[in-house]
Amino acid sequence: MLSYLFPLLLWCRQLPAMDARAADDAAAVANILGTRMPPHTDLRVVRAFRLLAEQVSRGIDYRSLGLGWDHPTARTEYRNGHHSSIQHPSSRTRNAASKAFLAETLNTSKADMLEDALVECFLREISLDRRTKIGITANFPAVLAALEGELLLPLRALMEGQQSMETTFNGWPVPREKIEAICESIVLHVLQGDFSHWRYHNPVGARQLEGLSEEQIAIWSEASASQHQHGVMVHEDAPGELGLFWATKIGGPSHGFDIEGQCLLPLLANARHKVVLVSDPDWPHHPAGRAHFRLLWTDGRPQKPVLWLETVNRDFVADVESSSWRKMVLRHVVGKAEAMRVRLSVDTYLQGELESVVYERGRPSPVPAGSIEIRSDRLVLRPSNGVLEASDYLSD
């Protein structure tokens, strides 16, 4: 009998925390929607309805407003719900209708039917239904993951804002049919739960990585993370990579899912394109730093892979000390390049910090001759799965 005592005590000690979260989720649903969850509803479903209710309450009606520079630039602005895009009459009308629909769904559905009902409600909020190709494959675990990642508005923008993506900032046309196809592919794979796998294994993505070994591809596609002083974590998002949708709202922004949305497509759809994020405990709300990170190829015979790191940006509203971030990010990407056994390329203004990082890793020996050099390479941009390419550095 004693052998069962410890597991029983462990289970009993876990219950209060689980009950507290479930009670909090249920209370939030009742507060937002004015109705209660049906008895005996699965706790994951309660959680999903809470997240959906919160996100539709502060939604933006992209069908009416389109995409553009009038929308929020920081993630916290979407959360607090005070921005003019969220308070616009079109958005407020739609948000009220969404809440009423969710309340009606809860009032007319049995507990064991709510998983499917939640998926249908989510699809409705991004202008889709179960009869579409995306709707047929959408499933509850993937939708819950999307809600945990606050993806209602990013996915809505991709589905409702495509007309705004048909012209670049400089007025160049972007093919409508290609925009439509890639937006639908992105949303499809998010809602069927294989978004990250699709990024690296679709035919265009595979071509971007062609020439790497299987081990190198595995290391590149991994959501690597490294811990640094003062509790700062540098990470390539997280498994699943749903944080990519919000990444360009950190610093800048030159673009985002609802600002020049076509420029976000390469990050979401290309195997060669990632971001390095910085999470700082002094800004617990979401990652506070971001840098674009790409795998490119030299223009030569044979072509050689190069990891290219762009500027480390800080979120505009994050009141944190960020002077040490750049070196932390360099430590992270140097480690990635070493693990892959490929070259790393950065802007020349980072030379001193890079030398310091390489020296630290090679102690007590000095930096080997030739480890760091200034050079100009012509790099190859293999075809994009995101229709176009967006970068402050790369050009023809």
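The model is a predicted one, where local features need pLDDT of at least 70, side-chain atom pairs count only at pLDDT 80 or more, and totals for chains, interfaces and linings use all residues. Residues are numbered from 1 along each chain as its sequence is written, and side-chain values use heavy atoms, with hydrogens and water left out.

A search of the whole structure turns up seven aromatic pairs. Here rings of Phe, Tyr and Trp (its six-membered ring) pair if their centres lie within 6.5 Å; planes under 30 degrees apart count as stacked, over 60 as edge-to-face and the rest as tilted. In one of these pairs, the ring centres of Tyr-78 and Trp-246 are 5.1 Å apart with planes at 80°, so the pair is edge-to-face. Tyr-78 sits in helix 4 (residues 75-80) and Trp-246 in helix 15 (residues 244-247), so the pair ties together parts 168 residues apart in sequence. Helices (H or I, at least four residues) and strands (E, at least two) are DSSP runs, numbered from the N terminus. Trp-246 is buried as well, at a relative accessible area of 4%.

Then there is Trp-220 with Phe-293, a tilted pair at 5.3 Å centre to centre and 50° between the planes. This pair links distant parts of the chain, with Trp-220 in helix 14 (residues 214-221) and Phe-293 in strand 4 (residues 289-298), 73 residues apart. Trp-220 is buried at 0% relative accessibility, and Phe-293 is buried at 0% too.

Definitions and conventions: Buried < 20%, exposed > 50% of the residue type's maximum accessible area, 1.4 Å probe, protein only.
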